[in-house]
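Visitor: I have a structure to look at and would like to learn how to read it. Please take me through it feature by feature.

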Amino acid sequence: MKLIIFRIILSFNICNCFISTSFGQRLVVDSLFLANTGTHELWDKTQIALYSFISTPKQSVYLPGKTIEVEEGDSVHIYSRSISNDGFHTIHLHGLDVDTENDGEPLTSFPIAPYNSYTYKFLAKNAGTYIYHCHVGDVMHVQMGMYGLVIVKAKGGKKTAWTDGPAYDKSFSWLSSEVDKFWHENTPNAMMNDFRIPVYSPNYFMINGKSQQQLNDTGTAIIAETNQKIYLRIANIGFYKHQFIFPSRLNPEVIDSDGRPLPKSYIADTLNVLPGERYGVMVSSSSSLFEKVKVNFIDMNNQVSKGIEEIPINVVNNVSIDKKSKYQSSIQIAPNPAQETIRISLNIPSKPPYMLRIKDLFGRTISEIYCQGVGIKEIDVASLPRAIYIIETNINGIIYSEKLILD
Ligand SMILES: [Cu+2]
């Protein structure tokens, strides 16, 4: 059975494939490789040892692990192979209705030994946001990075929070967590054998494995247009309480929790997400908005916030930009999205010498380029982190700006 599934995966050359059954139900076959050797770079360039769930055995580890995406009603098989050179691992499907054999609790289910594999199976009964994580050594393997999201979309992959639920235009997933560097410097097995588990004192606070300037990231920062419905899937796999504070102009409406629609949705600009909890929040703004969602990471022993991270929100009123003036779209960037070099031309009546500024979504100037005369300006952007930026210039008191995506 394992061999057959592995063949399917290889023949499709991607790790997520589906086959329709005679009852119209999809069988989704996905794969995870359980790794215990790797390093991960944090926002300040600090390197930590990391375990992870990755897509292919040759990949470098990353945080969080691979996201599993399926649809409501799917029968899901996750081929799981340990490429760890030491110790056991499992996959616990947190919040999903699974039988004991597929629960991933090592005592009642079973652990996966190095270079062994198992195919976890479950039925994705309810659309929603779920977490999977290793259940060996409990908190230690999770702390080492063995976690990821399971997203169960509405039937047919429709852009609704659940089948026949509220519709959205865009969605973002925020899986929050923490890192205690000391725990990563001491192997979990050594700590477990000695029963000397140190006090948990995290020094890095993350959303989608990112912090600080890394949150200016196309997968995490909210980039949307006015009046678009944005569906946020928020999940906490840390050991602290994570408090999300939204600008009230985003009209945050909490609509589901832990994989079930709420009987009655509610508006709240502060959302406390406890370890293991998941929430669905619908936001939108009727006017342009350049603000941040603030996230407090709160030690539940004393209710003190030990870290703050901010996720940029960039809601742009595209209609009014077009109507306001032709100058607003007068910066032309090509290519966009770009990778290495961009060519910028200004389409305005007069062009005195001007300064082009590249800003991140926090409004910080990343670089300034002095420009003179007409013609196309070529700028090397290869060294900039892959993210969204604003190219801006001020000519005779008028600010011209344009969005630049580096991918
Ligand atoms: Cu593990």
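Visitor: In what sense do β23 and strand β24 pair, and over how many bridges?

Guide: Strands here are DSSP runs of E with at least two residues, helices are runs of H or I with at least four, and both are numbered from the N terminus. Two strands pair if DSSP finds at least two bridges between them. In this predicted model, β23 and β24 (residues 341-346) pair in the antiparallel sense over four bridges. Ile333 stands opposite Ile344 in β24.

Visitor: What should I know about the model before going on?

Guide: This is a predicted model, in which local features need pLDDT of at least 70 and side-chain atom pairs count only at pLDDT 80 or more, while totals for chains, interfaces and linings use all residues. Residues are numbered from 1 along each chain as its sequence is written.

Visitor: Which strands form the open sheet that contains β23?

Guide: The order is β23-β24-β27, three strands with antiparallel pairing. At the edges are β23 (331-334) and β27 (377-380), each of which pairs on one side only. From one strand to the next the twist averages 25°; such angles run from 0 to 180 degrees between N-to-C directions, and the axes are lines fitted to C-alpha atoms, for helices over the stretch in contact.

Visitor: Which residues have a positive phi although they are not glycine?

Guide: Asp164 is one of them, with a phi of about 65°, and Asn227 is another, at about 70°. Asp164 is in the loop between β11 and β12 (170-179). Asn227 is in the loop between β14 (222-225) and β15 (230-236).

Visitor: How many residues does the largest nonpolar core have?

Guide: A nonpolar core is a set of buried Ala, Val, Leu, Ile, Met, Phe, Trp, Tyr and Cys residues joined through C-beta atoms within 7 Å. The largest one here has 77 residues, and those with the most contacts inside it are Leu93, Ile131, Val150, Leu232 and Ile234. Domain 1 (2-157) and domain 2 (170-318) both give residues to this core, so it lies between them; the domain bounds come from an automatic or database domain assignment. Apart from it lies another core, of eleven residues, among them Ile344 and Leu346.

Visitor: Which residues is Ile131 in contact with?

Guide: Two residues are in contact if their C-beta atoms, placed from the backbone, lie within 7 Å. Leaving aside neighbours within four places in sequence, the contacts of Ile131 include His94, Tyr147, Val150, Ala235 and Arg278.

Visitor: Which strand is Val150 in, and what stands opposite?

Guide: Val150 is in β11, and Ile68 stands opposite. Strand β11 (residues 147-153) pairs with β6 in the parallel sense over four bridges. Both belong to an open sheet of four strands, in the order β6-β11-β10-β8, with mixed pairing. Its edge strands are β6 (68-71) and β8 (92-94).

Visitor: What is the mean pLDDT of the chain?

Guide: pLDDT is the predictor's confidence in each residue, from 0 to 100. The mean for the chain is 87, and 88% of its residues reach 70 or more. Over residues 320-328 the pLDDT is below 50. It also stays under 50 over residues 1-15.

Methods: Buried ≥ 20, exposed ≤ 12 C-beta atoms within 10 Å, placed from the backbone.
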